[in-house]
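Trainee: I'd like a close look at one spot towards the end of a chain, and then a tour of what surrounds it. Could you take it slowly and spell out the cut-offs as you go?

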Amino acid sequence: MPSTLKAGDLRQLLAKANAKWTIDEKLKDTDTIPTHPTGGDLTKFVKASAVPRVDVTPFFKTVTSNPYLLQRRIDQGFLNLKDLPIELRHPIVLKESGPTPLKSNLQPMGGGGGGSAVDWRNRFGWPWLTKIKDQGGCESCWVFSAVGVVEAMVRIEHTIWSLRSEGDVHDGLGVSCAQTGGPPTAFNWMQANGVADPGCWPYEQSNLPYKPTADRDGRTVKLSGYTTLSNVDDQKAWIDNVGPLSACFTVYNDFFGYSSGVYTANPSTGVAGGHCIVIVGYDDSLQAWLVRNSWNTGWGMAGYCWFGYGQADIDNNAKYGVPGANVNPDPWTKRRAHNGSLYESGDGQLHRNFELWTLAPGNAIRHYWRDGVSLQWSVAETQGNDCYASPCVTGTTYNRNFEYVYETTSQGATGCRLHHRYFDQASGTWGDGGLFGPQEPDDVEGLAGFIQGNYNAPGNFEVVVRTGNGTLKHWWRANGPGGPMTWSQSAQFGSDIQLSAASLVQRFDDGLDVICVTPAGAMQRYFRPSAGAAWQACETFARGVSSPPVMIAGQYGATDETVMGNYELCVAVDNAIQHWWKESPENPASTWTMSATFGENVKQVLGLIQSSFGFDLEVIALLNNGTLQHYWRYSSDLSWHAGPIFGSTVS
Amino acid sequence: METITLKPGQEHRITLPGLGSAGYRWMVEPYDQNVVKVEEILHSRQEVTVPIAGSLQQVFRLTAVAPGHTSVSFNQRRRFEPEKKPHASYEISVAVTV
């Protein structure tokens, strides 16, 4: 029976019950709540013969963010290089596979072949799939199948690891461990509600009531739809040009013992049931699909299987794909991939708009943005009158809000302080988080590093900034459920600090790293291993530095979702930009290496991100004349390029 | 533990909940085959409706062979994870008398 409950009614009921999450924010209060059946027909196989064939070529003619996949589509004639924005006209000679780039100055060997064979485990020289998972003793393969596709598509389209929680979907649907379903049920739910990370709500087999963290809305990958494919040729072309597919088949009893080679079903062993998996490749020479199972790594080839074409009904059933443009990663996924004044938001048709906030005349802050399709920069708005230096920006789990912290002009007796402001995505308006931080006699004298960290959910805000006496001060805001949301000083450390910077990064092990500049013109790392521990002075590197650096943790070196990527740092030295990197931040033996010097007339690096554009590094520099310039580095050949000069901090 | 008494040649069927979609199978542990014979009755593709992501029950036929007593243990496990404890277990005591 269709629901007649309106979204506004349900919102009120949820608020009254102090519910930990709300419903799909896309729904207006007057909209009827959509229903997603979890049983009935959706527990049956969807026969391919019952699904009309769709024209897949429009999907292949879309400009993907992934430069390797873009080249693959160009090579097949779906796109023409000359029709692309100039930043995307960078031909790549595709190869089949290669070693994962572990070093930030190592050019990927990769390619992508395609055509007769595709393997998304390692394609274009990069890994694209998270580690093999285990559904355990629940009949939840249909959820693992659908979530596996979404997870892979975020990695492929936005080139970032984004571990998703099958438990979020399974328990959000309210099904028990023993309940079956089909991938469309899981896709439909994700389309309405997104899919959160395991830290928000994990996958467990205990049938616990669904209680995700309070900030779920800000840590979900959004999904705007999926496509049902019935034709095998289309399915192979989709895997080649878009990504993996969700699929289901009949499990014969010989399947449990598969360990290598191409699986050919033996029906005489009897039927055990149905099963859903992710198809992550194919090989025509083997006449087989490459299947990713959810039975842990002890099964098959470390969790994978070559599954013969047409075997066990796999090609009699429809398969399901997610177009790359239909996934929109959350800010929590991307929290280490940006720092300083530049941020890649989920806004825009392809969810890859850039947002930039810089100082403007009158001590205001001006918001620029770059459209993710046309790649043109525009001014959004200018506001405020107390900004002394360009802010440090992040996107938070508070419903994907943009939030920034900046050093203020003198506030009278208290001197220069820190100011926190945020853009409320729900209302579309800016809010004032207030002044905080050090004050006279040791007020703020430097750029603030500002992040949302791992402690609590929503995660606490962490700020490190230089004060007038040459020390660094660490401030934090308690954000957890019921938290006071007030700022407090946590520590004072270091001495003779010349410059603080937008260089605060939290490691996977919760430790904090921050880079500052010494009076001798070197950069120095400070490290706090855990909450409550003392900050430690670590290595120094570089020389001649007289402007604040910007540091991120990128995807180079992140061989899978459990391994933290390299640190990437850009800093202006002698009117140019130096790029430095450090392998494995959590490895104390790793050292800093300078990989390139580029640009001219550069006064300061304002922002650095590793973007959705295929692991590219993107830099915004403040030039000596007050204008701004965009630089980027292609991941395919590690070449730096100068982009448009735009805007101004002085006019 | 359930106990059954059979006469030689008499059959008894045991139906156990399947978990094949998760990789688990009920497996019969060693027992006294002089007393009873245990066979799984396999599902033919043509005879069953396969649930899309669900598991069919496993059915075992016990046939009494000769007088005596034995117990038959069934463990539901993944054959590729032999070191792990069974997900579920079932044991039945079988007495065969004339």
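Trainee: Which does A:V650 count as, buried or exposed, and why?

Mentor: A:V650 counts as exposed, because it has 9 C-beta neighbours inside 10 Å. The cut-offs: 20 or more other C-beta atoms within 10 Å of a residue's own make it buried, 12 or fewer make it exposed, and anything in between is partly exposed, with C-beta atoms placed from the backbone. Before going on, keep in mind that this is a predicted model, where local features need pLDDT of at least 70 and side-chain atom pairs count only at pLDDT 80 or more, while totals for chains, interfaces and linings use all residues. Residues are numbered from 1 along each chain as its sequence is written, and chains are lettered from A and ligands numbered from 1 in the order in which they are written.

So where does this valine sit? A:V650 belongs to the segment after β38 (640-648) of chain A; strands here are DSSP runs of E with at least two residues, helices are runs of H or I with at least four, and both are numbered from the N terminus. Setting aside neighbours within four places in sequence, A:V650 has A:P361 and A:G626 as contacts, where contact asks for C-beta atoms, placed from the backbone, within 7 Å. There is also A:N625: it is 25 residues away along the chain, yet its C-alpha lies 8.3 Å from that of A:V650.

β38 of chain A is part of an open, antiparallel sheet of five strands, in the order β14-β35-β36-β37-β38; two strands pair when DSSP finds at least two bridges between them. β14 (338-340) and β38 of chain A are the edge strands, each pairing on one side only. From one strand to the next, the twist averages 25°, using lines fitted to C-alpha atoms as axes (for helices, over the stretch in contact) and angles from 0 to 180 degrees between N-to-C directions. Inside the sheet, strand β35 (residues 602-610) and strand β36 (residues 617-623) of chain A run antiparallel and are joined by seven bridges. One pair to click on is A:L608, which faces A:V619 in β36(A).

A:A621 takes us from there into the core. Not counting residues up to four places away in sequence, A:A621 touches A:A572, A:I577, A:G599, A:V602, A:V605, A:L606, A:Q629 and A:Y631. A:A621 is also listed with A:V150, A:I279 and A:V605 as having the most contacts inside the largest nonpolar core, which has 164 residues. Such a core is a set of buried Ala, Val, Leu, Ile, Met, Phe, Trp, Tyr and Cys residues joined through C-beta atoms within 7 Å. α4(A) gives this core its largest share, 12 residues. Domain 2 (36-54 + 132-326) and domain 3 (331-648) of chain A both contribute residues, so the core lies between them.

On those domains: the assignment for chain A has domain 1 (1-35), domain 2 (36-54 + 132-326) and domain 3 (331-648), with bounds from an automatic or database domain assignment. The C-alpha centres of domains 2 and 3 of chain A are 37 Å apart. Their contact takes 16 residues from domain 2 and 21 residues from domain 3.

Last stop, chain B. The contact between the chains takes 30 residues from chain A and 24 residues from chain B. β9(A) supplies six residues, the largest share of chain A's side.

Methods. Two residues are in contact if their C-beta atoms, placed from the backbone, lie within 7 Å.
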